[in-house]
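We will go from the whole chain to single residues, one selection at a time.

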Amino acid sequence: MTVSRAARGPHRALDQEWFRRPRPVPDPRLRLVCFPHAGGAASFFRDWPQWLPADIEVVAVCYPGREDRIALPPVETMDELADRIAEELVPALDRPLAFFGHSMGASVAHEVALRIERRHGRVLSRLLVSSRSAPSRLRPSGISRESDEVLVADVMALGGTVSAALDHPDLRELLLPAIRSDYRLIDDYRPPAPLPRLAVPVTALLGDRDPHVHEADMRAWAEVTEGDFGLRVRPGDHFYLLEQAPSLVAEVGRLLTSR
């Protein structure tokens, strides 16, 4: 969706608590809002701007309870988290928006996209969902109610940057509250029924060796939109996007600039 300069209105700054801009762009053609995985942080996307066109601005969501917001209590329900992010994104509606969400972040991105369409009448340029089953195929794991050992074992099995940090006892103690809160949010989340359909085109991405999410789970994301849908399967596990970041982000850039 294109927004004319005349319709943009006066510039309002995004909240610096909720959002990180690794490479601020004074007059972006489009903002790519990135939603981290369970236990993840905005810094997960800090290198992405170098692989995108210079006029696309990366805006990474910083959930409460991590990094420099570590002292804040994590948000424990999807509705509260999506409501707050959607409200905080209002200043960003002066430009076209696209969302990228990985794992838990895909569900958060979807819920925020629903709110942006219903409450503000804005259709995203694209919704990109990664390594997360579609709403119709979500099943609670129950891991959020298990012991720390079971929770840590699940995180470690998935890999990624959080998994590496959990090897350090001091970091584990610091990170576990946010991780458990995110897992509880995932376990308790129930998508709206009947599921409203978005107008935005949706692209689903998956690693071909993901232990928890399968191709059929990602193809079902076609159910969330009246727009175009595509699935891209790449080599790798749940965190395929770490080792493939340059080529993946370049592909995202092509999707966002194609007509």
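**Start with the charges**

Select the charged side chains of the protein chain: 33 are positive and 37 are negative, and the centres of these two sets lie 7 Å apart. Keep in mind as you look around that this is a predicted model.

**The whole chain**

Now switch to a cartoon view. You will find nine helices and seven strands in the protein chain. The radius of gyration is 17 Å, close to the 18 Å that the globule rule gives for 259 residues, so the chain is as compact as a globular protein of that length. Turn the model along its principal axes, and the C-alpha atoms fill a box of roughly 55 × 40 × 35 Å.

The accessible surface of the protein chain comes to about 11,500 Å², and carbon and sulfur atoms hold 50% of that. How much of the chain is buried? Buried residues make up 54% of the 259. If you display contacts with a separation of 6 or more, 81% of them join residues 24 or more positions apart.

**Colour by confidence**

Colour the chain by pLDDT. The average is 91, and 95% of the residues score at least 70. Then select residues 1-10, where the pLDDT is below 50; in the model this stretch has 14 contacts beyond near neighbours in sequence. A word of care here: where pLDDT is low, the predicted coordinates should not be read in detail.

Some background for the next selections: most residues other than glycine have a negative phi, and most peptide bonds are trans.

- Select Glu 67, in the loop between strand 3 (56-61) and helix 2 (78-88). Glu 67 is not a glycine, yet its phi is positive, at about 50°. Is this residue buried or partly exposed? Glu 67 is partly exposed, with a relative accessible area of 35%.
- Move on to Ser 103, in the loop between strand 4 (97-102) and helix 3 (104-120). Ser 103 also has a positive phi, about 55°, although it is not a glycine. With a relative accessible area of 14%, Ser 103 is buried, since the cut-off for buried is under 20%.
- Finish at Pro 194, in the loop between helix 6 (169-188) and strand 6 (202-207). Show the backbone atoms from Ala 193 to Pro 194: the peptide bond between them is cis, with omega near -5°.

Conventions
Residues are numbered from 1 along each chain as its sequence is written. This is a predicted model: local features need pLDDT of at least 70, side-chain atom pairs count only at pLDDT 80 or more; totals for chains, interfaces and linings use all residues. Side-chain values use heavy atoms; hydrogens and water are left out. Helices (H or I, at least four residues) and strands (E, at least two) are DSSP runs, numbered from the N terminus. The radius of gyration is taken over C-alpha atoms; the globule rule is 2.2 Å times the number of residues to the power 0.38. Buried means under 20% relative accessible area, exposed over 50%, partly exposed in between (1.4 Å probe, protein chains only). Contact means heavy atoms within 4.5 Å. Accessible areas come from the Shrake-Rupley method with a 1.4 Å probe; for residues, only the protein chains shown count as cover. Lys and Arg count as positive and Asp and Glu as negative; His and the chain ends are not counted. The place of a charge is taken as NZ of Lys, CZ of Arg, CG of Asp or CD of Glu. pLDDT is the predictor's confidence in each residue, from 0 to 100.
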